[in-house]
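Let us work through one protein model by question and answer. Keep the structure in view as you read.

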Amino acid sequence: MGRRISALAGLVAVLSLSGCKSPYVSATVRNDTGAAVTLVEVDYPSASFGRESLIAGASYPYRFKILGSGATKVSWTDAQHKQHTGAGPDLHEGQQGSLTITLTPAGAQWSPQLTP
């Protein structure tokens with residue numbers, strides 16, 4: 001029994017040292033519109049995330065895993081209750097890295113730094 005426990009402990013140690021990790025995207029939505037926005041939603045392949053509101057100058061971090069492939073999109077409502085939508089990059093399963101989405105008075109700016 002002692003050998004089995006030692007073998008199992010060794011296997012766990014090897015796996016933890018091998019750097020096994022799931023690829024994910026670290027996304028940040030930043031509000032640079034100059035006013036609070038509401039109903040912020042980011043759609044990405046097979047899911048979405050968002051916030052009810054985001055004050056001027058604030059950022060919202062979110063981490064997700066890409067399942068499947070497809071387009072991204074952000075939508076929000078400005079202080080004048082006007083709805084905005086901005087198309088983003090296509091994402092593919094297995095990509096990882098960072099994605100910054102900056103909401104501005106002129107629209108959404110996307111800054112992907114993703115590796116395949």
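Q: Which residues is Thr 102 in contact with, leaving aside its neighbours within four places in sequence?
A: Contact means heavy atoms within 4.5 Å. Thr 102 is found in strand β7. Beyond those neighbours, its contacts are Arg 30, Asp 32, Gly 107, Ala 108 and Gln 109.

Q: What kind of model is this, and how are residues numbered?
A: This is a predicted model, where local features need pLDDT of at least 70, side-chain atom pairs count only at pLDDT 80 or more, and totals for chains, interfaces and linings use all residues. Side-chain values use heavy atoms, with hydrogens and water left out, and residues are numbered along each chain as its sequence is written, from 1.

Q: Is Thr 102 buried or exposed?
A: Buried means under 20% relative accessible area, exposed over 50%, and partly exposed in between (1.4 Å probe, protein chains only). Thr 102 has 12% relative accessibility, so it counts as buried.

Q: What does the secondary structure of the protein chain come to?
A: Helices (H or I, at least four residues) and strands (E, at least two) are DSSP runs, numbered from the N terminus. From that end, the elements run α-β-β-β-β-β-β-β-β. The secondary structure comes to one helix and eight strands.

Q: What is the phi of Leu 39?
A: Most residues other than glycine have a negative phi. Leu 39, found in strand β2, is not a glycine, yet its phi is positive, at about 50°.

Q: Is Ser 46 buried or exposed?
A: Ser 46 is found in the loop between β2 and β3. Its phi is also positive, near 75°. Its relative accessibility is 59%, so Ser 46 counts as exposed.

Q: How much of the protein chain do buried residues make up?
A: The chain has 116 residues. Thr 102 counts as buried.
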